[in-house]
Amino acid sequence: MQASSSQDPASATGNPATSASNRVALPAAVDVAIVGGGIIGISTAYSLACAGLRVAVFEKGALACEQSSRNWGWVRTLGRDLPEVPLAQRANQLWGEIQDKIDVGFRRNGMFYLQENDSDAAGHQAWIDGARQYGVDARLLDNRKLRKMLPATGRSWTGAMYSPTDGVAEPQLATRAIATLARAAGAQVFEGCAVRGVERSAGRVSALLTEHGRVETQAVLVAAGAWSRLFCGNLGADFPQLKVRGSVLRTTPLDTGPLAAINGKNFTCRKRADGGYSVSQFGASMADVVPDTFRLMPHFFSTWRANSGFVRLRFGKRFFEELKIPRRFPADRVSPFERHRVLDPQPSRRGVEQAWRRLVQAFPAFREARIAQSWAGYIDVTPDAMPVMDAVPGLPGLYLASGFSGHGFGIGPAAGEAMARLIQGQTPAVDLHPFRYGRYGT
């Protein structure tokens, strides 16, 4: 099993030290500065640029070099926390509009959440009943209908929750493609340019301080994924966010597999644009025990107990690596974001091999394929597994969009649109109250 190759998402990291953008002078001032060049930051920049604002994105590494290029690639409505459903529906529409302009690999091939018993079916029906208020395109399929829609299976599925309009996009294409649209609309994007801090005047944001200079701005959006807690903490905002390592594999091309994305309870798979499949499982996620684990124990303890079957805790060298990272640092010196530009963890061999065995057991057609590669990424998670999309209390001009808990790629375009409206002082089309910063009591 390969850990990396030229096609690995990690290859998108590039070489920030020699990035061409490092040789371009920074703007003296912008209307909005965005910290982080992942799917959320770039989608927000695109919406702001289309609205006519001067916007610049600052990425310490390369665009989508972390989780935005390492995720499963699902664009789903099924199974989401109900407050996220309107975002998912809007995102589905926006993905289609973006695909009409530039290739992001978006296809509405459908999605199955498979069932093995009446309890699974009851849980899925309860979700459909709760989401019906939003007009979701979801239904239950019995065993007979399901078997007509899937390849031959070695497991006794009793049915499925199914959406024909859910789909997928390609993580290795999407963020960079949307960045192309953002640039065409007037946004500036700087790779290899770490943000060290924020300057304030008269109590509100007045400038962004980067390793290459100062940029005046009245609004800063922190969309830094797994790095957001460290960045916000240095400004005095205690954002309760931890990291979970998710592992994924891809297969060689296979013509006889399912077109729709599948959640098989203990494995997942989805067809890739290259003809292969991305494969994982919820149990392949691992949370390293780090100093923040203990600091945030009151926020996360009940979540860990409830999700012990999905996320395993591990104590190892990551604890000591993070112990060395300063929690406070000045803006006139090299920051932690420059010392470690890209989080590139090793995949869980046990987790991905287990997912592969379960997939082959469920769909014997996959015996014709082989594992081409595996990789991992750090997912930014919050105590309730929903993002924060809000102005940061007590820091006028500072906004936060982070903690998407593995859900961010699929809703990225809609999250970006909503944040753009919030920053402009407009009412977002989607209710952001469930995603307010203050819900954790911090």
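Entry 1: a pair of helices. I'm working from a predicted model, so I keep that in mind throughout. I started with helix α1 (residues 39–50) and helix α5 (residues 171–184), whose axes come within 9 Å and cross at roughly 20 degrees. Angles under 35 degrees count as roughly parallel, so α1 is roughly parallel to α5. I also checked the handedness: α1 passes α5 in a left-handed crossing.

Next I wanted to know which residues meet there. On the α1 side I found I39, I42, S43, A45, Y46 and A49, and on the α5 side T175, I178, A179, L181 and A182. Sorted by class, this contact has 9 nonpolar residues, 2 polar ones and no charged ones.

Entry 2: another partner for α5. Helix α2 (residues 85–101) also goes past α5; the two axes come within 11 Å and cross at roughly 70 degrees. Angles from 65 to 115 degrees count as roughly perpendicular, so that is the label for α2 and α5. Here W95, I98 and K101 in α2 meet A174, I178 and L181 in α5. I counted classes again: 5 nonpolar, no polar and 1 charged. I noted that I178 and L181 of α5 turn up in the contact with α1 and again in the one with α2.

Entry 3: a sheet. I moved on to an open sheet of 3 strands, which has the order β9-β10-β11 and antiparallel pairing. Its edge strands are β9 (195–201) and β11 (213–216), each pairing on one side only. Neighbouring strands in this sheet are turned by 30 degrees against each other on average, ignoring direction. A reminder to myself from class: strands of a sheet pair through backbone hydrogen bonds, either parallel or antiparallel.

Then I zoomed in on one pairing. Strand β10 (residues 204–210) runs antiparallel to β9, and 6 bridges join them. For R200, I looked up the bridge partner in β10 and got V205.

Entry 4: aromatic rings. How many aromatic pairs are there? The count comes to 17. I picked out F58 and F190, which form a stacked pair, 5.5 Å centre to centre with 10 degrees between the planes. This pair links distant parts of the chain: F58 is in strand β2 (residues 55–58) and F190 is in strand β8 (residues 188–190), 132 residues apart.

Definitions and conventions:
Residues numbered from 1 in each chain as written. Predicted model: local features only at pLDDT ≥ 70, side-chain atom pairs only at ≥ 80, totals over all residues. Heavy atoms only, no water. Axes fitted to C-alpha atoms, helices over the stretch in contact; angles between N-to-C directions. Helix = DSSP H or I, 4+ residues; strand = E, 2+ residues; numbered from the N terminus. Parallel < 35°, antiparallel > 145°, perpendicular 65-115°, else oblique. Left-handed = near helix turned anticlockwise from the far one by under 90°. Contact = heavy atoms within 4.5 Å. Nonpolar A, V, L, I, M, F, W, Y, C, P; charged D, E, K, R; others polar. Pairing = 2+ DSSP bridges. Phe/Tyr/Trp six-rings, centres within 6.5 Å; stacked < 30°, edge-to-face > 60°.
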